[in-house]
Every structure is written in C-alpha cells, then in structure tokens.
Amino acid sequence: MKKIFSILNSQFSIIALAFCMAMTACNTNSPEPKGNTITFTESDEAFPNPERGLYLQTYYTSADLNSKATAAIINYNRKSPAKISLYLHSYYLTDYMESDIPQAFLDRLEANMNALREGGAKAVLRFSYKSDVNNAPYDASPEWIHKHIDQLSPYLKKHADVILCVQCGFIGVWGEWYYTSNFKMNPQKDADFEPRWEVLEHLLKALPKDRQVALRTPMFKRRYLKMRGDSLSSPISADEAYLSTYKARICGHNDCFVSSSNDVGTYSSPKDRDFWAEDTKYTFMGGETCEKASQSKGENAISEMEKYHWTYLNNGYREEVTNMWRGDGTMDIMLRRLGYRLVLDKVILTSKPKVGNAFEAYCVLNNRGFAAPMNPRDVELVFVNANDPNQKHVFKQDVDPRFWLPEEEHRFTLACTLNDMVPGEYKLYLNLPDPYPSIHNDPRFSIRLANENVWDEKTGYNYIATINVE
C-alpha cells in the first residue's frame with residue numbers, strides 16, 4: 001500500500017500554507033468585509049460535546065457475555081457533573097487465545113455499539129487478552145490476533161460512526177504492548193518490531209480510512225515510520241494531515257500521564273516529546289494517569305495537555321490524582337478544555353440579502369480547547385423560516401474544522417446562493433454535525449459552540465441571527 005511520508009519539512013511548509021488557505025480557515029490580515037456584524041459572548045458553562053472530554057472505562061470480558069452497555073445509563077451519564085459523552089470500552093478475549101471469537105461475544109460488541117448510538121455517545125476501543133501480569137500467557141499468537149481482527153473488522157466498519165479511535169491493543173497485558181508472551185518484550189532490532197507492525201497494519205486495514213489507531217508511545221510511531229521509509233521519522237505536517245495514509249492515521253495514547261519525569265517510560269528521549277508535541281496537532285492524544293508524582297500537580301498537567309493536544313482523559317483513574325485535580329480546580333479546566341472548545345467572536349453577514357443572490361457569513365472563531373476536532377465534521381449554514389419551521393434550507397460548506405487548531409483565531413467565510421427560498425424572516429444557524437448519515441441529524445452528535453444563547457438542543461444548531469431575506 002502506498003505511503004506518503006514527509007522528506008523535508010521546509011519543502012512542505014509552502015504546501016501546508018496553500019492547503020490551509022484552501023480550507024478557508026487560516027488566520028488572515030485581510031480586511032474584514034462590510035456588512036451586518038453580530039458579536040457573541042463566550043460561555044464558561046461545562047456541557048457534553050461529541051468526541052472529546054472525560055471518559056468512563058468499562059470492561060467487557062469473555063467470562064461474562066451478559067454484561068452490556070445500556071442507552072439509559074449512557075444518556076444518564078451525559079447529564080452527570082462530568083458530562084460524559086465518551087467511553088473507553090476494553091474488551092478482553094481471554095478465553096479465545098487459540099480459537100475464533102464466538103458469535104455471542106460479537107453480538108455483545110454490536111449491542112454495545114448500538115447502545116452508544118442510542119445513548120448519544122462514542123467510544124475509544126481496545127481489545128486485549130489479559131489484565132494480570134501474574135497470569136501468563138499474556139496474549140495470543142500473531143496468527144490468532146490477525147484472525148481476531150478479521151472477525152472484528154465488519155463490526156468496526158459498521159459502527160465506525162460511534163468510534164472515536166481504536167487503541168492498537170492486542171499485544172501484552174492490558175493491550176499496552178509491554179508484558180507480552182508472543183512478541184519481543186523489549187524490541188531492539190527491526191526484525192523484533194516487524195510482528196508488531198503487522199498487527200498495527202492489519203488493524204488499520206480493518207477500520208474505515210477516516211478512523212485512527214493509537215500506539216502507546218511516540219517511540220513506536222517514530223520507529224514504524226523509519227522502518228516504512230520515512231528516514232526522518234517526521235511528525236505529521238498540515239499537508240499530510242487527515243489523508244488515508246497510515247502515517248496520518250496513527251495517533252497515540254499515554255496511560256501514565258504526568259506520573260514521572262518520563263511518564264513511566266512513555267518517553268525514551270527528548271525527541272519523543274518533540275515528536276508528539278507536533279504530531280498531535282493532527283492526531284488524537286488521550287489516556288490516563290497511573291501514579292502520583294511531583295509532575296502530577298495541576299498546573300503542570302494543564303501545561304502538558306496544552307503541549308500534547310489532549311482530547312480525552314479517564315475520569316476515575318488514578319483516583320489519588322483525579323481527586324487531587326478535583327480538589328484544586330484542575331479537573332474543571334480539563335472538563336471544559338479537553339479536545340476542542342469553539343467560541344465565536346463575531347460574524348459579519350451580507351447586508352440586505354435577497355432571494356437568488358449570493359450570501360456570505362464571515363466568521364471569526366477561537367478554539368479555547370487543547371486540541372482541534374480530529375474526525376471528519378460537516379459545516380452547514382442553515383436558514384429556518386421564522387414563521388414556518390418546515391421551510392428549512394441547508395447549505396453545506398467547504399470548510400474543515402479539523403484545522404481549527406487550539407489557541408488560535410480562525411477566520412473563514414461561509415457562502416451560498418439563496419435559491420429556492422421565499423422572501424421573509426429567517427433564523428440563521430451554524431451547524432457542525434457528524435457526517436455519518438446514521439447520526440447526522442442527532443443533535444447530541446453536533447458540536448455546541450461555547451457561546452451564550454446560541455445552542456438549540458432540539459436541533460443541534462448554533463444560532464447566529466434573525467435576518468430578513470428580500
């Protein structure tokens with residue numbers, strides 16, 4: 001399969017700028033257009049938003065196939081103080097290390113995915129075999145792992161709409177790629193790593209091309225890139241971001257966040273830190289802490305989340321750390337800033353819009369979160385007749401929110417031609433729905449802006465203004 005790798009960062013900088021401008025979401029010093037200016041007030045409210053935030057971890061074992069997720073509990077957790085719209089579903093294939101996954105296990109997987117959709121949430125998925133370092137063997141053979149991935153693939157593709165990403169898993173205790181019986185525990189040579197890459201690539205093939213797979217450390221991705229032809233092991237650049245290449249689809253997860261000077265072996269060198277700081281601009285980062293240390297203090301944790309663009313965090317592990325963060329207010333900051341937090345500053349609208357004419361909404365938006373939205377996301381201008389809500393006109397835009405990087409101002413123009421409309425008063429909305437048809441019209445999967453008096457929870461639209469179309 002063709003891979004696209006960066007060779008010289010300097011060569012790509014010009015391409016990246018052109019690509020970013022094409023997305024109409026770059027910062028610009030060009031004069032603002034004339035028109036009716038609508039200003040917005042930022043909100044400090046904590047609320048659930050799709051594909052980001054604190055998550056709950058749930059374990060599903062081969063020993064208890066009756067344990068299933070329920071839409072009622074998922075919906076209840078959305079309204080909890082933690083505003084949960086994200087889960088880590090950990091599946092343990094303990095009893096199938098030398099056999100096929102039985103249909104009952106696969107049926108439970110499907111039931112859980114349906115419950116997520118019905119309850120209004122998504123999940124990070126991880127599959128592994130053992131959760132006890134005292135209970136070898138720790139994993140299945142590479143051959144059986146490949147067979148299991150093949151069995152899981154139809155379900156991963158069918159339910160990709162409610163999958164945030166998939167942690168590579170399968171290898172080692174907890175699927176964290178260390179304590180392993182069938183792979184080299186401390187790989188050094190290229191040949192030692194190759195069986196791991198075969199599992200990684202098999203899983204990438206098993207997923208839709210718009211979903212990412214997370215590796216446990218930056219060293220793994222850097223080594224993978226080098227072995228697959230990227231001699232510089234360079235992080236993702238803007239022009240490479242969100243392509244269907246393996247490089248663009250490999251993200252990371254840190255399960256010992258701020259737990260020591262190197263996060264308990266997560267980082268093997270300063271180059272690892274530099275790599276993740278850049279690569280996570282366009283790939284998912286999330287996970288959990290595992291030990292309390294001097295590095296765990298709230299101020300440092302927030303700084304690290306900013307640097308590595310965190311999207312998701314375990315709400316409950318490790319308790320001595322998360323309880324500390326709750327006590328000092330750190331968790332409140334994380335609750336609001338994990339992933340994206342999009343704030344409209346102002347919108348300048350075409351003056352005196354008329355039926356049949358061009359219409360523009362020039363937007364100035366800030367991302368107060370730690371990261372950009374990472375999965376595909378639609379952008380729509382929606383006109384709803386103020387006197388007849390059944391008269392609705394939706395105009396899809398050629399704008400990609402995945403390039404709305406954090407702590408930057410983004411200026412872009414939304415445009416349409418007001419055809420097939422009747423003159424009258426219209427409410428104008430910005431809609432940021434999920435592109436998957438199965439959940440496109442579900443407001444729980446649309447992005448809510450962090451502004452006061454804009455959110456319509458019945459539709460998932462963000463209100464801009466009421467205008468008169470002549």
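User: How do you know how confident the predictor is in this model?

Analyst: The model is predicted, and its confidence is given by the pLDDT, a score for each residue from 0 to 100. The protein averages a pLDDT of 94, and 94% of the residues score at least 70. Over residues 1–28, however, the pLDDT is below 50. Beyond near neighbours in sequence, that stretch has 52 contacts in the model, a contact being heavy atoms within 4.5 Å.

User: What rules apply to the residue numbers and values?

Analyst: Residues are numbered from 1 along each chain as its sequence is written, and side-chain values use heavy atoms, without hydrogens and water. As this is a predicted model, local features need a pLDDT of at least 70 and side-chain atom pairs a pLDDT of 80 or more, whereas totals for chains, interfaces and linings use all residues.

User: Why is Thr58 called partly exposed?

Analyst: Buried means under 20% relative accessible area, exposed means over 50%, and partly exposed lies in between (1.4 Å probe, protein chains only). Thr58 has 24% relative accessibility, so Thr58 counts as partly exposed. Thr58 lies in strand 2, where strands are DSSP runs of E with at least two residues and helices are runs of H or I with at least four, numbered from the N terminus. Leaving aside neighbours within four places in sequence, Thr58 is in contact with Tyr87, Leu88, His89 and Ser90.

User: Why is Trp174 placed in the class that it has?

Analyst: Trp174 has 32% relative accessibility and therefore counts as partly exposed. Trp174 lies in the loop between strand 5 (163–167) and helix 5 (190–206).

User: What makes the buried residues of helix 2 lie on the same side?

Analyst: The buried residues of helix 2 (residues 71–78) are Ala71, Ile74, Asn77 and Arg78. They cover an arc of only 125° around the axis, so they are on the same side of helix 2; the arc is that of the directions from the helix axis to the C-beta atoms. In general, an α-helix has 3.6 residues a turn, so residues three or four places apart point the same way.

User: Which residues of helix 2 are exposed on the other side, and what do the buried ones pack against?

Analyst: Ala72, Ile73 and Tyr76 are exposed on the other side of helix 2. The buried residues of helix 2 pack against strand 2 (53–61), strand 3 (86–92) and helix 3 (103–119).
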